[in-house]
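Biologist: I am new to this structure. Could you show it to me and walk me through how its helices pack and where space is left?

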Amino acid sequence: MTSVPNAQPALEKTPLERFVAPDKPSLVGLSRAALAEKLAEIGVPERARRMRAQQIWHWLYVRGAQDFDRMTSVSKDLRAALAARFTLARPDVVAEQVSADGTRKWLLQLPGEHPGEKPHLVETVYIPETDRGTLCVSSQVGCTLTCVFCHTGTQRLVRNLTPGEIVGQIMIARDRLGDWTDAARTAGAGLPVEGVRAVSNIVMMGMGEPLYNFEAVRDALHVAADGDGISISRRRITLSTSGVVPNIARTGSEIGCMLAISLHAVRDDLRDILVPLNRKYQIGELLAACRTYPGLSNARRITFEYVMLKGVNDSLADARELVRLLKGIPAKINLIPFNPWPGTTYECSDWEQIEQFSEIVFNAGYASPVRTPRGRDIFAACGQLKSATEKLSARERMALRAMAMTD
Ligand code: SAH
Ligand code: SF4
């Protein structure tokens, strides 16, 4: 094999994209160019394609159309031709849970590997606050990485989501919350105040490692950020990675979103255990990639996530080392109370310890919000709704599904 000088590092991604695509594909998640190609396939003449693609884009991403008949500015013939070949389907919602504090979780069913095979399941979580509503979006079914404190890491089955399945999660949240132009906004506990979009922010912090599904995540986020459509600014989109170093610069240059790093430890020997990807990309290398993150400035800081594990990474010496390590990087530090899940041997740090840890971080000049646990009454940690539902029989799953349909 000949080596190519100055070649880009090979794109790291999960080589698992096994699933049966539906006979009639959904237009959700296609780029404008891909949408224009689909129009070409059904005979729309070239001169009309851009305009038609723009009209469909508007109906889909501003009005939230779920069927072609709503697209009244598109001719009846074209609507019929589109409906014969395509759908506007989002992933199927098999369960919805609403917490007393307004947090919502949707369990979504995606096509499986073989016809009739058990469907693949992922979750999307919505966290409302007064001034914003944050949607936590999944990028993979399961995760190939095995961070010891993370429930998703224990799930065997892994596949990458398509851009349509990633954008589809945003569509579902907007459908269910009445968050489209002209739609009646859903009333409910904790939703943002009038005038603020129900889904105003996106965090790629659901199931999976987004940088092992880079291209699909990038293409989906371009759709989400498009100013003539879903229109969520790149500054309100945060991608969280456990540290896939070769794709960090590309995240800045090709997506342009905010970056969060799951740091969780300040020494390589400990991070090797907590976040096993650290054995491949050590802390020094990870922070070097952060220092050169495209677009980094005091106004666009990197968030460092740090899960508080009792007696493991929560000493005050760890806090001081954290501050030392991040010196010079425009950063925010997010201390996350560990969300325990059945079978884990880890515990969340005591509240007093979290406070002392956070004080050291605060005194070093970082706002150090401790992420308040939300939706505790509807399963705490990510990945739990999925596991609970997998234990149900097919009949119980059907019942759940029927419930979701009648909402
Ligand atoms: N794979 C990506 C994004 C998904 S995880 C990543 O690791 O960054 C999103 C965040 O939740 C990460 O910071 C992750 O470390 C954290 N997390 C996972 N399981 C957790 C748990 N049980 N309690 C608290 N935080 C958890
Ligand atoms: Fe995967 Fe992130 Fe969980 Fe680690 S923390 S196993 S990278 S989802």
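Predicted model: local features only at pLDDT ≥ 70, side-chain atom pairs only at ≥ 80, totals over all residues.

Biologist: How is α1 oriented relative to α2?

Modeller: Helices are DSSP runs (H or I, at least four residues; strands are E, at least two), numbered from the N terminus. Axes are lines fitted to C-alpha atoms, for helices over the stretch in contact, with angles from 0 to 180 degrees between N-to-C directions. Helix α1 (residues 32–41) and helix α2 (residues 46–61) have axes 9 Å apart and an angle of about 115°. Under 35 degrees counts as roughly parallel, over 145 as roughly antiparallel, 65 to 115 as roughly perpendicular and the rest as oblique, so α1 is to α2 roughly perpendicular.

Biologist: Which classes of residue make the contact of α1 with α2?

Modeller: Contact means heavy atoms within 4.5 Å. From α1 come Arg32, Leu35, Ala36, Leu39 and Ala40, and from α2 come Arg49, Arg52, Ala53, Gln54, Ile56 and Trp57. Ala, Val, Leu, Ile, Met, Phe, Trp, Tyr, Cys and Pro count as nonpolar, Asp, Glu, Lys and Arg as charged, and the others, Gly among them, as polar. The contact of α1 with α2 therefore divides into 7 nonpolar, 1 polar and 3 charged residues.

Biologist: How do α4 and α5 lie to each other, and which residues of α5 take part in the contact?

Modeller: Helix α4 (residues 163–177) packs against α5 at about 40°, with the axes 8 Å apart, and the two are therefore oblique to each other. On the α4 side, Pro163, Ile166, Val167 and Ile170 make the contact. Their partners in α5 are Ala216, Val217, Asp219, Ala220, Val223 and Ala224.

Biologist: Is α5 parallel or perpendicular to α6?

Modeller: The axes of helix α5 (residues 214–225) and helix α6 (residues 248–255) come within 11 Å and cross at roughly 25°. That angle makes α5 to α6 roughly parallel.

Biologist: Which element gives the most to the lining of the second largest pocket?

Modeller: A pocket is an open set of points on a 1 Å grid over the protein atoms alone, with protein on both sides within 12 Å along at least five of seven lines, and lining residues have an atom within 4 Å of a point. This one holds about 670 Å³, and of its 28 lining residues the closest to the centre are Pro22, Pro25, Ser26, Thr162 and Glu165. β2 (104–110) and α4 each supply at least two lining residues. The most, 3 residues, come from α4.

Biologist: What is the volume of the largest cavity?

Modeller: In a cavity, a 1.4 Å probe fits but cannot get out. Grid points are joined across faces, edges and corners, and a volume is the space filled by probe spheres set on the points. The search finds 1 cavity of 30 Å³ or more, lined by residues including Cys257, Met258, Tyr293 and Arg300. The volume of the largest cavity is about 50 Å³.

Methods:
Residues numbered from 1 in each chain as written. Chains lettered and ligands numbered in written order. Heavy atoms only, no water.
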